[in-house]
Amino acid sequence: MSENTAQPSQIIDVQPDYEVLVIGTGVSGIYQIKRLADLGVRFTVLEANDDLGGTWYNNRYPGARFDSESFTYGYSFSREVLDEWHWSEQFSPQPETLRYLNFVVDKFELRQYMQFGCRVEAMVFDEDSDTWTLTLSNGRSISTRFVITALGILSTPTEPQFEGKDSFTGPSFHSFNWPHDPIDLTGKRVAVIGTGATAIQLIPEVAKVASQLTVFQRRPNWAAPLNNAPITEGEMATIRARYDEIFAACDSSPGGFEHRPDRRGFYNVTREERLALWDRLYDEPGFGIWLQNFIEIFMDEKANAEFSDYIADRIRRRVHDPELAEKLIPKDHGFGIQRVPLETHYFETYNRDNVELVDSAATPIERITPVGLNTTDRSFEFDVIVYSTGFDSYTGAFDHIDIRGVGGRRLRDKWSEGPMTYLGLMTSDFPNMLMLVGPQTSATNFPRGSELAVNWATPLLEYMWQNGHRRFEANEDAELAWHEHVKEMYQGMLLRKAKSWITGYNSNVEGHEYGKTRYNIYNGGSPKYAGRLEEVAGNDYEGVTFS
Ligand SMILES: Cc1cc2nc3c(=O)[nH]c(=O)nc-3n(C[C@H](O)[C@H](O)[C@H](O)COP(=O)(O)OP(=O)(O)OC[C@H]3O[C@@H](n4cnc5c(N)ncnc54)[C@H](O)[C@@H]3O)c2cc1C
């Protein structure tokens, strides 16, 4: 690993090992590294995995791919990258996305800054020197002036704690930990537990090769067709010519996509007009069905119910067995109030003879056995069990590090009932720590949010160096005001009732029970969020104390 020797804080008496330390080498970390390398700062990057890529390094299950259009997901910061990279599909599969991230890293020679196999277990802030000391799982300790976390919102998988889980004699794993030497499921009896976004991508692929696939579903999820397609050379040339327009459209839309809500007003058009819009959107690629819809769908129970009925009918048309179709249609929440998974032949998969759906709400899994599992009314035998049971989202990766700030205060304690942040980028009592796309930032097409965060965090550090500061900290009153604003943005939205990571619900994590709402995301939309960030920076970082 090589280091650059320029040190913006050389006037400061105590010299930690590094000026800046980044944790994580996913989409967010990689762009942050590029900015720090360009500045010539003395920094390093710690990554728990054995290689870069974060989400796209870990999630190797068959069918793993974007729901974002590939060309809106890629970085916008480098014209050269935009000109040189060819996305082969509208919605890139995981291997290609991982290749893309490696391409960017190799192009800018960023790998030299990364230290792999380095899981951060603890971070302690020293108030005398205004530095952080990090301890890694191998016992190593490293000091730094500033920490930038790029830990990921979905990087901590959660598994149900079934009795006998370790007794199963075949392979069993969370889909996040899909084996790097791909496991051959041909002719195997496979169980998939869970029917969230990952399972919805995985199930059709497993069904194609497994002799028998049994899906254990506790709550069905709404899903709509991805309508993926290849991107030809000619189409890619058109995309390249449009990149400025594409990113401008993403920046000015609430979700960071080209899709924009239909603002005609749900009740201002006839039912026929609504149906015409929905018929068109259902057959179009990507999130249009969710994000080009009427905004009333997200706020008005009646509008949401009418649209949910429409989607339910589309599902009924795709599943041959009417009883089975009803089991696949959510009854406890409306379409679009949870993150909508996009699918390819998911519903048709249940028409296959080798696929069975088990209703785990009616007959719960009681225990895992050496040969399979028992529900309350049956015993099953499997060769492979896949847990597709989601993530301890947003705060999980933070909770797994023992982070101690001013006066030894633990972040885990501070956030025990939900995250408290200033702008989603810092948190009071934890000075000199910036969080990239952590809790309470705008929920958006991810890299659009990452670039925004990095483009705010980096100038803040430059401001500190220029002014000879060595410590920054969010003010408690500014944090409280932001928190109230974040809460307020949930109020008019149906998603406030969702059993999802938007509200912090996770039945496999203590303290995340339904009803204990955690305000994990900023719902005001990207333009409003970006505007607030710009305003704060323009006012000499109001709400932040420097010393
Ligand atoms: C299956 C799947 C599909 C997705 N599809 C989309 C999509 O279509 N569109 C979209 O916008 N978003 C999508 N997302 C969200 C996705 O997570 C982001 O798009 C993005 O990749 C996150 O990048 P990141 O760098 O912030 O975090 P991550 O990619 O999660 O990277 C975080 C890194 O931090 C490391 N790390 C965490 N804790 C520690 C520690 N204690 N010590 C050291 N290292 C640590 C992790 O190992 C990881 O490498 C998807 C997520 C999943 C799981």
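This is a predicted model: local features need pLDDT of at least 70, side-chain atom pairs count only at pLDDT 80 or more; totals for chains, interfaces and linings use all residues.
Residues are numbered from 1 along each chain as its sequence is written, and side-chain values use heavy atoms, with hydrogens and water left out.

**View 1. Surroundings of the ligand.** The ligand is surrounded by 30 residues, each with a heavy atom within 4 Å of the ligand. The closest are E47, D67, S68, Y73 and F446. Polar contacts are pairs of N or O atoms within 3.5 Å. A backbone N or O atom of D67 lies 2.6 Å from a ligand oxygen atom. In the side chain of Y73, an N or O atom is 2.6 Å from an oxygen atom of the ligand. A polar backbone atom of A150 is 3.4 Å from a ligand oxygen atom.

**View 2. Packing of helices α1 and α15.** Helices are DSSP runs (H or I, at least four residues), numbered from the N terminus. Helix α1 (residues 27-39) packs against helix α15 (residues 446-466) at about 35°, with axes 9 Å apart; axes are lines fitted to C-alpha atoms over the stretch in contact, and angles run from 0 to 180 degrees between N-to-C directions. Residues in contact (heavy atoms within 4.5 Å) include Y31 and L36 of α1 and F446 and W465 of α15.

**View 3. Packing of helices α8 and α10.** Helix α8 (residues 271-282) and helix α10 (residues 301-318) pack at about 50°, with axes 11 Å apart. Among the contributing residues are W278 of α8 and Y310 of α10.

Methods. Helices (H or I, at least four residues) and strands (E, at least two) are DSSP runs, numbered from the N terminus. A polar contact is a pair of N or O atoms within 3.5 Å; within protein, one must be able to donate a hydrogen and the other to accept it, and residues adjacent in sequence count only if both atoms are side-chain atoms.
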